[in-house]
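Me: I am new to this structure. Can we go through it in short questions, with the reasoning behind each label?
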Amino acid sequence: MKYKIFLLAGVLACSSAFAAEKPADPKKQTSWNLYVDSKEAYTMKKEQGDKVLFIDIRDPIEIMFTGFTDVVDVNIPFKLSTPSQWHKPPKQVFKMTTNPDFESLVAKALKDRGLDKSAPIILMCRSGGTRGAPSSKMLEGKGYKNVYVVTDGFEGGKIKKGEKKNWRLKNGWKNANLPWSYKLNKEKMFFRTAELDQKMALISASKQTIGKFAKTLKGELKKAVKEGGLTNAISVCSKKATPIAQDISKQQGLTIKRVSIKNRNPANVPTEWQRKVLEDFALKHAKGADLKKMAYAQIVETDGKKQFRFVKAIPTGKLCLKCHAEKIDAKVEAKLAELYPDDKARGFKQGDLRGAFVVTKDLN
Ligand code: HEC
């Protein structure tokens, strides 16, 4: 009898140990659907030890001022505070910038410990709200098999009513009295480098430059259609797209262009590395990832020369179909045949990956 009770307790403990409820908010859900609360994360680490990689994804400065637990294996921030910029309203906080090295650092942390991508990984942030599940998206499509997010975080959620309204006392690691300290473990902390700051600044500049380029192109396109129809717009596009790119590149000190595996202008054939990025985008898109948020950023060193590279996916919108779909107006077809005898940029459907913006900058 005793044995039976023990067994039952064991089964209950196991089944509840690593299975917090799936959050109702889609923003807090992940493609792995593996959720734990902070107590379960603690148990998991106690029971499985070095077989689990437990990552604190908060900003290291946030950790310095609010505390740390040595139960964590490593600090790999998902978002880094950018104190020179303000968050867009209505949030009244400094801007937080995504750490572009997040995934590669997770891969390295596993490797350093002799683990592979099938090992359970636990991602934990302040309250399980805005960083946990979004950080897991950076690991999607890269072979990770068991990615858990902690639903209540280190500080827990806010109390909604009463005298202590908005205090983080609802749940979470600290409120569960789990091990906590204001002494950080240097070996486990993330060190922000000048190179990473440079990369983040270049990503931000690239996004702005792409925004400007896209807006100018679309503006010109719409204007040309209005003034002289689609065939006129084709002439305008063919004459203006490159000079606009060159103009904006000069203004911003970056090189911007558009590329596509199915290109119209022969000048827009992707290079080998760009093709690889585009193929990777297509693969992720086929698996359901959102093209609007798809981007690649890297500083690459070849023969002692460093180059910054940023690529952003271009989805096919409704307007685009008029000149890039399989079936198009006969006059449009004739004009395209005249200007682009080797046109490959046809057969697109709405929502397809049309191509990408590519920004590069030589750094030395
Ligand atoms: C009026 C016809 C027309 C429409 C509408 C149109 N395009 Fe194009 N597109 C062109 C032409 C012409 C080129 C070649 C421009 C050049 O010579 O640089 C082109 C080139 C491109 C390229 C560069 C790669 C390549 O194939 O050479 C991309 C990317 C692209 N278009 C995306 C889009 C998207 C996205 C839309 C919808 C927002 C769109 N286009 C709408 C005519 C059009």
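This is a predicted model: local features need pLDDT of at least 70, side-chain atom pairs count only at pLDDT 80 or more; totals for chains, interfaces and linings use all residues.

Me: What makes aspartate 73 count as buried rather than exposed?
Reply: The cut-off for buried is 20 or more other C-beta atoms within 10 Å. Aspartate 73 has 20 such atoms, so aspartate 73 is buried.

Me: Where does aspartate 73 lie, and which residues does aspartate 73 touch?
Reply: Aspartate 73 sits in the loop between helix 3 (60-66) and strand 3. Leaving out residues up to four places away in sequence, aspartate 73 touches Leu53, Phe54, Ile55 and Lys188. As for isoleucine 159, 86 residues apart from aspartate 73 along the chain, the two C-alpha atoms are separated by 29 Å.

Me: Which glycine takes a positive phi just after helix 2?
Reply: Glycine 49 does, with phi of about 50°. Helix 2 itself has buried residues: Ser38, Glu40, Ala41, Tyr42, Met44 and Lys45.

Me: Why is the peptide bond from proline 89 to proline 90 worth a look?
Reply: That bond is cis, with omega near 10°. In general, most peptide bonds are trans. Proline 90 is found in the loop between strand 4 (79-86) and strand 5 (94-98).

Me: How many helices and strands are there in the protein chain?
Reply: There are nine helices and eleven strands.

Me: What is the order of the open sheet of five strands?
Reply: The order is 1-7-6-2-3, with parallel pairing. Strand 1 (35-36) and strand 3 (74-75) stand at the edges. Each has a single partner strand, so one side of each is left without a neighbour in the sheet.

Me: How do you know that strand 2 and strand 3 pair?
Reply: Pairing needs at least two bridges. Strand 2 (residues 53-56) and strand 3 have two bridges, in the parallel sense. Aspartate 56 stands opposite asparagine 75 in strand 3.

Me: Which residues of the largest nonpolar core touch the most other members?
Reply: The core has 32 residues, and Ile55, Ile121, Ile122, Leu123 and Met124 touch the most other members. The elements that give two or more residues to this core are strand 1, helix 2 (38-48), strand 2, helix 4 (102-112), strand 6 (120-124) and strand 7 (146-150). Apart from this core lies another, of 19 residues, among them Leu202, Val259, Val277 and Phe281.

Me: What does methionine 124 touch?
Reply: Beyond four places in sequence, the contacts of methionine 124 include Ala41, Ile55, Asp56 and Phe154.

Me: Which residues come nearest to the ligand?
Reply: Of the 25 residues around the ligand, Ala233, Asn265, Cys320, Cys323 and Gly355 come nearest. Helix 6 (194-252), helix 8 (321-324) and strand 11 (353-362) each give two or more residues to the shell. The largest share, eight residues, comes from helix 6.

Me: How do the residues of that shell divide?
Reply: They divide into eleven nonpolar, ten polar and four charged.

Me: What is the mean pLDDT, and where does pLDDT stay under 50?
Reply: The mean for the protein chain is 92, and 95% of its residues reach 70 or more.

Note on methods
Residues are numbered from 1 along each chain as its sequence is written. A residue is near a molecule or strand if its C-beta atom, placed from the backbone, lies within 6 Å of it. Helices (H or I, at least four residues) and strands (E, at least two) are DSSP runs, numbered from the N terminus. Ala, Val, Leu, Ile, Met, Phe, Trp, Tyr, Cys and Pro count as nonpolar, Asp, Glu, Lys and Arg as charged, and the others, Gly among them, as polar. A residue is buried if 20 or more other C-beta atoms lie within 10 Å of its own, exposed if 12 or fewer, and partly exposed in between; C-beta atoms are placed from the backbone. Two residues are in contact if their C-beta atoms, placed from the backbone, lie within 7 Å. pLDDT is the predictor's confidence in each residue, from 0 to 100. A nonpolar core is a set of buried Ala, Val, Leu, Ile, Met, Phe, Trp, Tyr and Cys residues joined through C-beta atoms within 7 Å.
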